[in-house]
Amino acid sequence: MSKVGHVLSSSSDKISVRVGDLKTLEENKVNLQVGKFLKIEDGNHNYAVAIINNLTAQNAEKDGAVEWSFVIEASPIGALINNDGILEFKRGIQVLPVPTEIAHTFGTEDLSIIFSGEGDFGFEVGSLSGNPTVPFCINGDRFFGKHIGVVGSTGSGKSCVVSSLIQNAVGIVDAKNSNMDNQKNSHVIIFDVHSEYSSAFTVDDSEKFSLNKLDVDNIRLPYWLMNAEELESVFIESNEKNSHNQVSQFKQAVILNKEKHNPGLDKVTYDSPVFFSIEEVYNYICNKNNLTVYEKNSQKYFATLDEEIEFNEERLWQKIDFVSSTGNAKHKVLEAKVSKDGGFNGEFDRFISRLETKLNDKRLTFLLKPIKGDGTAFKTKDFGVIIKQFLGYIDKSNVTVVDLSGIPFEVLSITVSLISRLMFDFAFHYSKIRHAENQTNDIPFLVICEEAHNYIPKSGGTEFKASKKSIERIAKEGRKYGLSLMVVSQRPSEVSETIFSQCNNFIAMRLTNRVDQNYIKALLPDSSNSLIDLLPSLNQGEAFIVGDAVIIPSLVQLPKPNPEPKSASINTYKEWAESWKEITFDKIVERWRNEG
């Protein structure tokens with residue numbers, strides 16, 4: 001601790017300190033950088049703690065010599081309170097110094113008082129930037145139990161920071177499983193857009209750490225789990241002029257088919273997560289579109305040449321080859337007047353073509369034609385098994401990585417929406433059961449949305465409606481049921497405002513886009529503005545951490561995880577320097593054609 005000057009003025013949001021002289025500044029300039037702390041006396045053995053926002057200088061000539069004067073502007077963030085001779089740090093404006101009080105730099109001893117890592121603030125995440133000997137600890141409950149925003153430009157180290165935090169939480173230290181003999185109760189689900197997080201949680205088999213990795217090849221997400229909004233997003237084109245009729249008939253077909261396949265359930269709705277056959281619904285829509293009937297002996301029949309079929313709604317689940325006819329003309333073979341009454345006379349041709357295309361799209365097999373290990377389809381009774389795959393309860397996994405890199409873009413939003421909604425509903429119902437037993441939810445979950453701007457944007461078309469709705473619901477209500485979010489993005493200004501507004505903790509890394517900088521600045525306390533201005537110049541892995549979980553907002557250097565997340569990155573310049581390489585185009589074309 002070193003004396004540097006006196007207080008000129010003091011208010012609840014700004015303290016001005018006059019530095020003694022040029023010599024004093026030179027001797028202490030390392031500790032008078034923007035973002036460093038000042039310790040200011042109050043005359044009662046207590047100290048105000050302020051963070052330096054800026055330092056200004058003025059010079060004037062006196063007796064032929066240049067005299068310099070310096071003024072520090074700082075924001076009060078807390079106080080060191082004297083408790084029987086022992087200083088204790090308290091957040092908030094506990095102490096405000098008056099003019100002429102002495103200001104000091106912060107020493108290592110002072111820093112250790114604030115960042116001691118004792119009590120509730122015991123979860124170490126890194127070290128103070130510029131002072132690696134001082135560990136930076138946060139309150140783990142307030143951090144993981146509330147929503148978190150992680151922002152930073154490409155290359156700032158977001159993936160490494162997220163991996164490091166989660167490794168620390170689940171017990172992976174230097175590629176070793178510290179909880180090998182006593183598995184903990186952590187549950188983390190990561191939406192991985194670029195297929196990079198699996199490597200961060202893959203350790204030697206001897207460590208007995210089970211990673212639950214789900215990708216397009218092994219994820220099982222039956223279409224019948226989708227709610228009304230998700231189903232219509234996949235199958236209905238809302239801008240078609242007859243979309244209201246499409247929705248009406250599709251909804252009717254889905255509900256009727258759910259009732260058919262689940263006769264033991266008393267109440268079945270459009271949203272009920274129970275089995276129905278999408279193939280039978282397709283047949284129903286086709287038959288309704290081409291419905292042609294005739295009467296014979298006061299009995300109504302389907303107008304088909306294959307066999308004589310009495311009109312029966314149940315028969316609509318099977319594809320019928322109707323005769324072609326217009327109006328009420330008498331059919332030559334049936335020798336009866338045929339009618340299209342009750343049908344849609346070809347109005348659904350485009351709708352049927354779209355349904356058929358979706359059902360035959362091999363890329364959507366995981367969603368529209370998922371099968372169990374024995375080759376049979378998932379039915380209502382398998383609902384529990386489907387849920388377990390996301391919760392890590394099949395292989396007792398603390399971390400589940402949902403690899404979205406192979407998911408077709410047109411159903412990316414639906415996939416995220418469906419999994420998020422299932423997690424929320426599970427947490428909701430489990431909490432209600434526990435509360436009914438006078439107990440609290442003892443299985444909290446953290447959902448990590450990597451590259452969140454890709455599927456929960458601030459603005460966008462109906463294709464993002466489902467995922468935004470599901471994740472915004474978690475943001476607004478999830479904490480009540482033990483479900484928290486970590487939202488990761490390189491473009492925070494393009495992410496849903498509802499979601500970021502619910503975040504209680506932020507990790508802000510290097511941000512070069514001014515729009516994003518201003519957006520983050522608006523979300524954070526005014527006392528943090530000086531540190532936010534440093535965002536464009538932060539090093540890789542360096543972050544400004546602020547929120548309920550930290551003692552005071554600070555610049556922190558976060559460690560690299562071990563193992564590290566890895567994506568299939570390309571060393572562009574290095575490859576440019578190599579000799580010309582030939583390409584086997586046939587293999588590329590074949591894969592492109594087969595997998596889309």
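## Strands β13 and β21

In this predicted model, isoleucine 190 has isoleucine 448 of β21 as its bridge partner. The two strands involved are β13, residues 188–192, and β21, residues 445–449. They run parallel and are joined by 4 bridges.

## The open sheet

Strands β13 and β21 belong to an open sheet of 11 strands with mixed pairing. The order across the sheet is β9-β8-β25-β24-β23-β10-β22-β21-β13-β20-β14. The edges are taken by β9 (131–138) and β14 (211–214). Each of these has a single partner strand, so one side of each is left without a neighbour in the sheet. Ignoring direction, neighbouring strands here are turned by 25° against each other on average. In a regular strand, side chains alternate between the two faces of the sheet.

Part of the order can be followed pair by pair. Strand β8 (residues 123–128) pairs with β25 (residues 554–557) in the antiparallel sense over 2 bridges. In this pairing, leucine 128 stands opposite valine 556 of β25. Strand β25 also pairs with β24 (residues 542–547), again in the antiparallel sense, and this pairing has 4 bridges. Here isoleucine 545 has serine 554 of β25 as its bridge partner. The link from β24 to β25 is a hairpin with 6 residues.

## Another hairpin

Strand β15 (residues 293–296) and strand β16 (residues 299–302) are antiparallel and share 4 bridges. Lysine 296 is bridged to glutamine 299 in β16. The hairpin of these strands has 2 residues between them. Asparagine 297 in this hairpin takes a positive phi near 55°.

## Helix α11 and helix α12

Helix α11 covers residues 412–436, and helix α12 covers residues 465–477. Their axes come within 7 Å and cross at roughly 30°. Angles under 35 degrees count as roughly parallel, and α11 and α12 are therefore roughly parallel to each other. The crossing of α11 past α12 is left-handed.

On the α11 side, the contact is made by Ser413, Ile414, Val416, Ser417, Ser420, Arg421, Phe424 and Asp425. On the α12 side, the residues are Ala466, Ser467, Ser470, Ile471, Arg473, Ile474 and Glu477. Sorted by class, the contact of α11 with α12 has 6 nonpolar, 5 polar and 4 charged residues.

## Helix α11 and helix α5

Which way does α5 lie relative to α11, roughly parallel or roughly antiparallel? The axes of α5 (residues 228–235) and α11 cross at roughly 165° and come within 11 Å. An angle over 145 degrees counts as roughly antiparallel, and α5 and α11 are therefore roughly antiparallel to each other. Their crossing is left-handed.

Helix α5 contributes Glu230, Ser233 and Val234 to the contact, and α11 contributes Ile414, Ser417, Leu418 and Arg421. By class, the contact of α5 with α11 has 3 nonpolar, 2 polar and 2 charged residues. Ile414, Ser417 and Arg421 of α11 are listed both in the contact with α12 and in the contact with α5.

## Helix α11 and helix α10

Helix α10 (residues 383–391) also comes up against α11. The axes of α10 and α11 come within 11 Å and cross at roughly 100°. That makes α10 roughly perpendicular to α11.

The α10 residues in this contact are Phe383, Ile387, Phe390 and Leu391. Those of α11 are Ile419, Leu422, Met423 and Phe426. The contact of α10 with α11 has 8 nonpolar residues, with no polar and no charged ones.

## Backbone details in two loops

What kind of peptide bond joins asparagine 562 and proline 563? The bond is cis, with omega about 5°. Proline 563 sits in the loop between β25 and α16 (572–576).

Aspartate 84 has a phi near 55°, which is a positive value in a residue other than glycine. Aspartate 84 lies in the loop between β5 (65–83) and β6 (86–91).

## The whole protein

The protein has 17 helices and 25 strands. Its radius of gyration is 32 Å, well over the 25 Å that the globule rule gives for 596 residues, so the protein is more spread out than a compact globule. The C-alpha trace spans about 120 × 60 × 50 Å along the principal axes.

Terms used: Residues are numbered from 1 along each chain as its sequence is written. This is a predicted model: local features need pLDDT of at least 70, side-chain atom pairs count only at pLDDT 80 or more; totals for chains, interfaces and linings use all residues. Side-chain values use heavy atoms; hydrogens and water are left out. Two strands pair if DSSP finds at least two bridges between them. Axes are lines fitted to C-alpha atoms, for helices over the stretch in contact, and angles run from 0 to 180 degrees between N-to-C directions. Angles under 35 degrees count as roughly parallel, over 145 as roughly antiparallel, 65 to 115 as roughly perpendicular and the rest as oblique. A crossing is left-handed if the near helix is turned anticlockwise from the far one by less than a right angle, and right-handed if clockwise. Contact means heavy atoms within 4.5 Å. Ala, Val, Leu, Ile, Met, Phe, Trp, Tyr, Cys and Pro count as nonpolar, Asp, Glu, Lys and Arg as charged, and the others, Gly among them, as polar. The radius of gyration is taken over C-alpha atoms; the globule rule is 2.2 Å times the number of residues to the power 0.38.
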